Amino acid sequence: MSLIPNTFFTFVALFPIANPIGAVPVFYSLTAMETSSGRHRQAIQTAINVVLVLAVLAYLAC
């Protein structure tokens, strides 16, 4: 298989595990006392950490 179908199927498999739609209310409740810019900074940092963890795990799986 090529890279595109593998990437798509991996995303489809990880989407219900990560549950980004269900995580939004939890994120907002955990950052309720933050300012809008603080919440944005936290969201960016979380996204970077998630990408790094997934990249390391993908590398180790190969």
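Helix α1 supplies the largest share of the nonpolar patch, with five residues. The structure is a predicted model, in which local features need pLDDT of at least 70 and side-chain atom pairs count only at pLDDT 80 or more, while totals for chains, interfaces and linings use all residues. Residues are numbered from 1 along each chain as its sequence is written, and side-chain values use heavy atoms, with hydrogens and water left out.

The patch itself covers about 640 Å² of the surface and is made by F8, F9, F11, V12, F15 and I21. Residues in patches have over 30% relative accessible area and no salt bridge; like charges are joined within 9 Å, and nonpolar side chains (Val, Leu, Ile, Met, Phe, Trp, Tyr) within 5 Å. A salt bridge is a side-chain nitrogen of Lys or Arg within 4 Å of a carboxyl oxygen of Asp or Glu. Accessible areas come from the Shrake-Rupley method with a 1.4 Å probe, and for residues only the protein chains shown count as cover.

The chain contains three helices and zero strands, and the order along the sequence is α-α-α. Helices (H or I, at least four residues) and strands (E, at least two) are DSSP runs, numbered from the N terminus. In helix α1, residues 3-18 make up a run of 16 residues, and the distance from the first C-alpha to the last is 22 Å, close to the 22 Å expected at 1.5 Å a residue. The expected span is 1.5 Å times one less than the number of residues in the helix.

The overall dimensions were examined next. The radius of gyration of the chain is 15 Å, whereas a compact globule of 62 residues would have a value near 11 Å. This radius is taken over C-alpha atoms, and the globule rule is 2.2 Å times the number of residues to the power 0.38. Along its principal axes, the C-alpha trace spans about 45 × 20 × 15 Å. The accessible surface of the chain comes to about 5,500 Å², and 75% of this area belongs to carbon and sulfur atoms. Of the 62 residues, 5% count as buried, a term that means under 20% relative accessible area, with exposed meaning over 50% and partly exposed in between (1.4 Å probe, protein chains only).

P5 and L54 are 49 residues apart along the chain, and their C-alpha atoms are separated by 18 Å.

Just after α1, N19 takes a positive phi of about 50°. Most residues other than glycine have a negative phi. N19 is found in the loop between α1 and α2 and is partly exposed, with a relative accessible area of 39%.

The loop between α2 (20-30) and α3 (36-61) holds T31. At 7% relative accessibility, T31 counts as buried. Leaving aside neighbours within four places in sequence, T31 is in contact (heavy atoms within 4.5 Å) with R39 and Q42.

Q45 is placed in helix α3, and with 42% relative accessibility Q45 counts as partly exposed. Q45 and P16 are 29 residues apart in sequence, and 21 Å separates them in space, C-alpha to C-alpha.
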